[in-house]
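Here are my notes on this one, as numbered points. Have the viewer open while you go through them.

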Amino acid sequence: MDSATRKMNRLTMFIYRNNKFCKDDSNYKTGHHQDHHEPRRLSLTSLVSSSSVKPPSSPTRRTIDLGHGSDLIYIQRFLPFQKSWTFFDYLDKHIPWTRPTIRVFGRSCLQPRDTCYVASSALTPLIYSGYRPDAYSWDDFPPLKEILDAICEALPGSRFNSLLLNRYKGANDYVGWHSDDEKLYGPTPEIASLSFGCERDFVLKKKKLQEDSSHEKRGDDGPAKKRLKKSSRGEDQQSFTLKHGSLLVMRGYTQRDWIHSVPKRAKAEGTRINLTFRLVL
Ligand SMILES: O=C(O)CCC(=O)C(=O)O
Ligand SMILES: [Fe+2]
């Protein structure tokens, strides 16, 4: 075989393997995504220099009316698959993740996931579960600005100036029942939630009138269940599997009238990174 043929064969193999991978995106469901190293030809510099974050054709957008002025938008393939892995790797490596001690139901405990907070300067600080994260600057992480631009383009008229990042390092990491109804977001916050990596369930449950309005944030499942009247599945509960590269937007009175959680899932072995963009008023 001459060298030109060898070159051609290598090129054909490269194209074949990449296409095969693009079509087969099933292996990240349980977080076994080691294959994603194969097609990552995009350099990190292209993360900030190219404008290819925008999907080539507009992905399908589902609106879910929760009733009484609450609704959700779900866009499954908001970011392209491989680009999403490039973001995942950047965030996994470059975000200064911490696992803080928080207070839940009067007790101190380690937050069951890693976190980081990014916000524009001089905003009212965020405090949840007795924890006040230091805010990093958007300038520290240029790819986050790129993601923010893509979200703003998809949601005309929406504004975001802060971002809470969460990293779930396997099946036992979770976020308990809570709503993001802190005063600093106003009465009808819009929260845009972008997911990367291992798929996890995101469950919403309608608040009951009996619920104690001063409930603590992001607790474990037990006490929240006790305070809530038993909720029948159906209209009062919604569940989504948040896919790699997907965008979920919570709007209207969703934070006032609903609680949400990402429960532990034995089969979710891989790492998941979630970004929630918010507007501090
Ligand atoms: O990880 C998620 O999908 C949700 C995170 C969340 O609810 C929060 O940070 O308030
Ligand atoms: Fe939340």
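1. Let's begin at ligand 1: one of its oxygen atoms sits 3.1 Å from an N or O atom in the side chain of D180. Keep in mind that this is a predicted model, so every distance quoted here is computed from predicted coordinates.

2. Two further polar pairs go with that one. N166 puts a polar side-chain atom 2.8 Å from an oxygen atom of ligand 1, and for N274 the distance from a side-chain N or O atom to an oxygen atom of ligand 1 is 3.3 Å. How much of ligand 1 does the protein bury? On its own ligand 1 exposes 290 Å², and 99% of that is buried by the protein.

3. As for the surroundings, 14 residues are found around ligand 1. The closest are N166, Y168, H178, R272 and R278.

4. D180 and H178 turn up again at the metal. Which protein atoms are donors to the iron ion (ligand 2)? They are NE2 of H178, OD of D180 and NE2 of H260, at 2.1 to 2.2 Å from the ion. Written along the chain, the spacing of these donors is H-x1-D-x79-H. The two histidines come from distant parts of the chain: H178 belongs to strand β7 (residues 175–178) and H260 to strand β12 (residues 258–262), 82 residues apart. Both H178 and H260 are buried.

5. On to the packing. The largest nonpolar core has 34 residues, and the members touching the most others are L144, I151, L165, F196, L275 and F277. At least two core residues come from each of β2 (70–75), α3 (81–94), β5 (114–119), α4 (142–154), β6 (162–169), β8 (191–197), β11 (246–252) and β13 (271–278). In general, nonpolar side chains in soluble globular proteins tend to be buried together.

6. Leaving out residues up to four places away in sequence, L275 touches L91, L144, I147, L163, L164, L165, A192, S193, L194 and F196. Another core, of 15 residues, lies apart from the largest one, and its members include I64, L66, I191 and W258.

7. Is E199 buried or exposed? E199 counts as buried because its relative accessibility is 8%, against a cut-off of under 20%. Its side chain makes a polar contact of 3.5 Å with the side chain of K243.

Note on methods:
Residues numbered from 1 in each chain as written. Chains lettered and ligands numbered in written order. Predicted model: local features only at pLDDT ≥ 70, side-chain atom pairs only at ≥ 80, totals over all residues. Heavy atoms only, no water. Donors = N, O, S within 2.8 Å, 3.2 Å for Na, K, Ca; no water. Helix = DSSP H or I, 4+ residues; strand = E, 2+ residues; numbered from the N terminus. Buried < 20%, exposed > 50% of the residue type's maximum accessible area, 1.4 Å probe, protein only. Core = buried A, V, L, I, M, F, W, Y, C linked by side-chain atoms within 4.5 Å. Contact = heavy atoms within 4.5 Å. Polar contact = N/O pair within 3.5 Å; in protein donor to acceptor, adjacent residues only side chain to side chain. Near = heavy atom within 4 Å. Areas by Shrake-Rupley, 256 points an atom, 1.4 Å probe, with all protein chains shown as cover.
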